[in-house]
Amino acid sequence: MLSSLTTTTIIAQMAITPLPDATQASDFLTLKNGTSINAFHIPTLDDGRSDLHEIAVLDLSSDLNTPHTWNKRFRTSLVSTQDSSESNPESTDAPAINETASRIAFGTQGQLRWTIQGAWSISVKDAEDQSGLLGFGIDYFLIDNLSINGEFNGAYVNQVGPDAWGFNFNLIARWHIIAQENWSFFVDGGAGLLWTTENVPDNGSRFNFTPQAGVGCTIGVGGNARVITGVRWLHISNANLYSSNPGRDSIEVYAGITLPF
């Protein structure tokens, strides 16, 4: 029992029992994520003292018409005391509630991420034919550990004959067949389009398709960011859309960093 002390105790726990003698506050507190809170006052005795054995109930439900239901991910405890004789009458702010943001696990269904990446490849037939990519990708997980990735790259081709610059778009499916908390191993495959300023190969065409497949891994580096690296077989050809279709097969290695939106 304390005198001249207004004590507000807010407790959320696994099981909450309604307090029949508690009175509902007229104001609402608000969490950072916009969730409204029903607050209840501690009953005050006739002589002005507060019974500290009674507790206030915090309702973390987003539905204010359904008291005592709450999201277990946000269970917390807050105890705030203020001496009424030293309180600031100009301050009407409610006690702050610090909430730790919940980090969504990598590879969770519905997760959206973006990736910055670079790649280098070498032709399996002629070591003088090399190419490089630099760009970014957007990854969406259709189900846990399976994503569809759209890649947008600038390309440079160093080859026998005139070198070329270009733009490359790829659509890749990636399955993390081993998914751990801080790393994963995946297989991926897909196809894309390549437009270049010169024919690729030099006796081919300026427009080509880019089917590809490979393996790789991701490694967590903190803050839900991951380094991604891998190796692929990369084929470049125009699928006989033109009179000449020499094609080109390369081994490509790539690396980048992937981050959540």
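**Strand pairing and a buried arginine**

V200 has S205 in strand 13 as its bridge partner. The model is predicted, so local features need pLDDT of at least 70 and side-chain atom pairs count only at pLDDT 80 or more, while totals for chains, interfaces and linings use all residues. Residues are numbered from 1 along each chain as its sequence is written, and side-chain values use heavy atoms, with hydrogens and water left out.

Strands are DSSP runs of E with at least two residues, numbered from the N terminus. Two strands pair if DSSP finds at least two bridges between them. Strand 12 (residues 183-200) pairs antiparallel with strand 11 (residues 164-179) over 13 bridges. F167 is partnered there by W195.

Strand 9 (residues 130-143) runs antiparallel to strand 8 (residues 112-123), with eleven bridges. It is also antiparallel to strand 10 (residues 146-158), with 13 bridges. G135 stands opposite Q117 and opposite N153. N145 takes a positive phi near 70 degrees in the hairpin of strands 9 and 10.

R226 belongs to strand 15 (residues 225-236). R226 is buried (under 20% relative accessible area, 1.4 Å probe, protein chains only). It has no salt bridge (a side-chain nitrogen of Lys or Arg within 4 Å of a carboxyl oxygen of Asp or Glu). The nearest side chain of opposite charge, E181, is 7.8 Å away. A polar atom of the R226 side chain lies 3.4 Å from the backbone oxygen of Q180.

Methods
Helices (H or I, at least four residues) and strands (E, at least two) are DSSP runs, numbered from the N terminus. Buried means under 20% relative accessible area, exposed over 50%, partly exposed in between (1.4 Å probe, protein chains only). Lys and Arg count as positive and Asp and Glu as negative; His and the chain ends are not counted. A polar contact is a pair of N or O atoms within 3.5 Å; within protein, one must be able to donate a hydrogen and the other to accept it, and residues adjacent in sequence count only if both atoms are side-chain atoms.
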